[in-house]
Amino acid sequence: MSALEVVVRSVAVLAAFLVLPLLVGQTEHKVMAHMQGRLGPMYAGGFHGWAQLVADGVKFAQKEDITPRAADRTIFRIAPFVALVPYLLAMAALPLHEGVAAVEVPASAVLLLAATSVGALGTLMAGWASANKYALLGALRSAAQLVSYELPLVLSVASACLAAGTLSLAGVVEAWSPWWLVWQLPGAVVFLVAALAELQRPPFDMPIADAELVMGPWTEYTGLRFAFFLLAEYAGIVVFSLLFAVLFLGGWRGPFSDELGWLWTLLKGLVVAVLVIWFRVAWPRMREDQLQRLAWLVLLPVALAQLALTGIGVVVTR
């Protein structure tokens, strides 16, 4: 790979990393507004407030960056980047089309799981370093969610990879067939629910819970550092939505896939992202004990049963 190709791929990933989360954020503004019977932001940029998130970014950039006197200053300042950068790495390894990925990794499924797990640590670091009791409680809740939901998430991905016979996401798409919509449906449901918990999105937003913990681990953050946490959340939605599309919906498989395969991947990911937004609007926040019961008594057994079913299916058919 030449130096020019490396630069072009890096710029392309960075552009996607900056644009796609903003599109998801704007979609969330409008979808939530329609679901709740209100207008939502309508003025920034003119047509339907398309530049609202850009205006929010300018607003955050103008705010003062404050670090609490008692905080661990180093950890406090790098925590937003620890939450954000792993999703950039994950996005670089996501294939949008056959042979179209910034970084082609043989075991790309393992890389994405590792990267998304590291991203959740940024929230834990932020809460611990803030010297704030509300932030610390939010960080502890975040750690509990990470431990509880990481295993069902990994098992659901393992089921799809076992069915395909490869740890390469491109290989999973090549092995995918419409029959998977039934065969891998329990694993897909487990993946979606576990991904919501990993992202700390409603109804799994107990670490942030503004009615109980102000803003949880983000309580002491202002300005751009706070904006980076929001960007990390939307970037996580993009990564998990595209990963869901690749693992369970056939990725770029569809009509005219040779020319429009990348578009099919993005459209399928958009559908999943809208579903994530719908969960925020439609479901109330769970209690912490309900969250743990769902992970250990429901999702984990279902994921194990799905993995066993996939193993039996692979042995029988091959």
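**Note on the pockets, cavities and a helix pair of a predicted model**

1. Helix α10 gives the most to the lining of the largest pocket, contributing eight residues.

2. The largest pocket holds about 840 Å³ of space. Its lining is made up of 31 residues, and those closest to the centre are Phe60, Leu230, Leu231, Glu233 and Tyr234. At least two lining residues come from each of α1 (3-35), α2 (52-62) and α10 (223-248). Sorted by class, the lining of this pocket has 20 nonpolar, three polar and eight charged residues.

3. In the second largest pocket there is about 340 Å³ of space. Its lining has 16 residues, with Ala12, Val13, Leu96, Val100 and Ala102 nearest the centre. Two or more of the lining residues are supplied by each of α1, α3 (73-93) and α11 (257-282). Helix α1 provides the largest share, five residues. The classes here are 14 nonpolar, one polar and one charged. The student may note that α1 is named for the largest pocket and again for the second largest pocket.

4. The largest cavity has a volume of about 150 Å³. Thirteen residues line the largest cavity, and Tyr87, Thr123, Leu199, Gln200 and Glu233 lie nearest its centre. Helices α3, α4, α8 (185-199) and α10 each give at least two residues to this lining. By class, the lining consists of eight nonpolar, three polar and two charged residues. Glu233 deserves attention when the structure is inspected, as it is listed among the residues closest to the centre of the largest pocket and among those nearest the centre of the largest cavity.

5. The second largest cavity has a volume of about 50 Å³. The residues lining it are Phe191, Leu192, Ala195, Leu196, Leu199, Phe240, Ser241, Phe244, Val272 and Val276. Helices α8, α10 and α11 each contribute two or more of them, and the largest share, five residues, belongs to α8. Nine of the lining residues are nonpolar and one is polar, with no charged residue. Leu199 lines this second cavity and also lies among the residues nearest the centre of the largest cavity.

6. How do helices α4 and α5 run relative to each other? The axes of α4 (residues 108-129) and α5 (residues 133-164) come within 8 Å and cross at roughly 175 degrees. Angles over 145 degrees count as roughly antiparallel, and α4 and α5 are therefore roughly antiparallel to each other. Residues of α4 in this contact include Leu113, Leu121 and Trp128, while those of α5 include Leu136, Glu150 and Val157. The contact comprises 15 nonpolar residues, four polar and one charged.

7. The unreviewed UniProt entry annotates "transmembrane region" at several spans, among them residues 6-25 and 109-131. In the model, residues 6-25 are 100% helix and 0% strand, with end C-alpha atoms 29 Å apart. Residues 109-131 are 91% helix and 0% strand, and the end C-alpha atoms of that span lie 36 Å apart.

Definitions and conventions: Residues are numbered from 1 along each chain as its sequence is written. This is a predicted model: local features need pLDDT of at least 70, side-chain atom pairs count only at pLDDT 80 or more; totals for chains, interfaces and linings use all residues. Side-chain values use heavy atoms; hydrogens and water are left out. Axes are lines fitted to C-alpha atoms, for helices over the stretch in contact, and angles run from 0 to 180 degrees between N-to-C directions. Helices (H or I, at least four residues) and strands (E, at least two) are DSSP runs, numbered from the N terminus. Angles under 35 degrees count as roughly parallel, over 145 as roughly antiparallel, 65 to 115 as roughly perpendicular and the rest as oblique. Contact means heavy atoms within 4.5 Å. Ala, Val, Leu, Ile, Met, Phe, Trp, Tyr, Cys and Pro count as nonpolar, Asp, Glu, Lys and Arg as charged, and the others, Gly among them, as polar. UniProt positions are given in the numbering used here, feature names are shortened, and annotations may be inferred rather than shown by experiment. On a 1 Å grid over the protein atoms alone, a cavity is a set of points where a 1.4 Å probe fits but cannot get out, and a pocket is an open set with protein on both sides within 12 Å along at least five of seven lines; lining residues have an atom within 4 Å of a point. Grid points are joined across faces, edges and corners, and a volume is the space filled by probe spheres set on the points.
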